[in-house]
Amino acid sequence: MALIFLSYTHKDKDLAIKFENAIEKIGHAVWRDDRRVRVGDHIPEVIATGLSRCDFFAPLITENSVHSTWMKRELNNFLMDEKKGNSIIPLRFDETEISDFFPLLKSILYADFRENFELGINQIADKLGTPDEKTKERKKRLEKDLDRLDFAIDLALGAGSIAMRFYNSSIHLNHPIDERKNTATIADEMAQKSIISKITGHTVFAKDEIIAEEPPYDHVKINSDGYTWVIDALDGTTNFRNRIPVFCTAIGILKNSKPFIGVVFDPVNNDLYYALSGEQSKVWNVSKGEVNNISTSKTIVTLDECIAGTHISSRPEIASRLFKDDFLLHIAQNVNNLRTFGCGQLALAYAASGRLPLFFSIWNTYLGSACRNCSCY
């Protein structure tokens, strides 16, 4: 079952809906911005996410669309992924020359809807094939999962933007809330409030369980038969307060108490790492609009060649385990270099993307604290 990104001008919305309905009848799916972009969303970000999801790009070519700047921008962004260069299906609905829309399309065979709409759909069906019922059902489930992932990405981008507004403001606005050693700031509270208010106000996700670092969600209650959001709206608060540009927003989703979705947004570098169980992990550079697959390093290195990362908890009872019996010293003496980031979630994203070949940490085992899920431990 294929997912097709349908690019069109809104003057042709009726044609787009007709095409979508016909494609769904033959067992495939269409990504259409009318159904995906919500009020308040940053349109380029939502479209870039959609482009990264889709198997095919289908520009709907008519006299209305031939001069559409948005459609040309979408095609250019799709072509940034070199692997998708042969996944374009132009849809010709009138006598407009396709090359007038984009010269590259001149050499690509189009689906012809000019004389007969059904003929064009049959041509696409021949290319994509007809999925069996099992494949259709799996794809439907995947679509729902991707909707949840897209929502988590939107939440992380929003929280990261809030953090950056505080980071770039006068330093007094980043004051701690209380006198604890590892205390939150106003930015932590505002970013978490933004995430939680959107989850609890969602028509579908409002029934999910939520665990977060700041009150009143700092309790442990994992939904064993459903979804649980685990949120650290601003990880690396000490770095953040001291203007060290290593912090992030981290959102995890458990499904039936097992890891299912992960999103880590590094707002300083505008890199967003995301993963869905069973699917390829990716990193999206929001500034460039580029989405790339990521994986851990395939190069096997010996320990003495390895740059190792760790996280030292701000809590003495946890941190002391790293220093017991000179454990940390032994590690440092046997690796090429040792780094502590002060932001465990981002360090884990670096490990997942192959930037960091080794990461280790000592975690709290006390089950009475939700913070065991957070990198502050």
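**Close-ups of a predicted model**

**View 1. Cys-343, at 0% relative accessibility, counts as buried.** This is a predicted model, and here we zoom in on a cysteine pair. Cys-248 counts as buried too, at 1% relative accessibility. The cut-off for a disulfide is 2.5 Å between the sulfurs, so the count comes to 0 disulfides.

**View 2. Helix α4 spans residues 69–79 and has Met-71, Glu-74, Leu-75 and Phe-78 as its buried residues.** These four sit on the same side of α4, because they cover an arc of only 100° around the axis. An α-helix has 3.6 residues a turn, so residues three or four places apart point the same way. As for what lies over the buried residues of α4, the cover includes β1 (3–7), α3 (43–53), β3 (56–61) and α5 (98–101).

**View 3. Ser-68 caps the N-terminal end of α4.** Look for a side-chain oxygen of Ser-68 at 3.2 Å from the backbone nitrogen of Met-71. Met-71 is also one of the buried residues of α4.

**View 4. Asn-256 has a positive phi, near 55°, despite being a residue other than glycine.** You'll find Asn-256 in the loop between β8 (248–255) and β9 (258–266). Asn-256 counts as partly exposed, with 33% relative accessibility.

**View 5. Asn-270 has a phi near 60°, again a positive value in a residue other than glycine.** The loop that holds Asn-270 runs between β9 and β10 (271–276). At 22% relative accessibility, Asn-270 is partly exposed.

Definitions and conventions. Residues numbered from 1 in each chain as written. Predicted model: local features only at pLDDT ≥ 70, side-chain atom pairs only at ≥ 80, totals over all residues. Heavy atoms only, no water. Buried < 20%, exposed > 50% of the residue type's maximum accessible area, 1.4 Å probe, protein only. Helix = DSSP H or I, 4+ residues; strand = E, 2+ residues; numbered from the N terminus. Arc of directions from axis to C-beta. Contact = heavy atoms within 4.5 Å. Polar contact = N/O pair within 3.5 Å; in protein donor to acceptor, adjacent residues only side chain to side chain.
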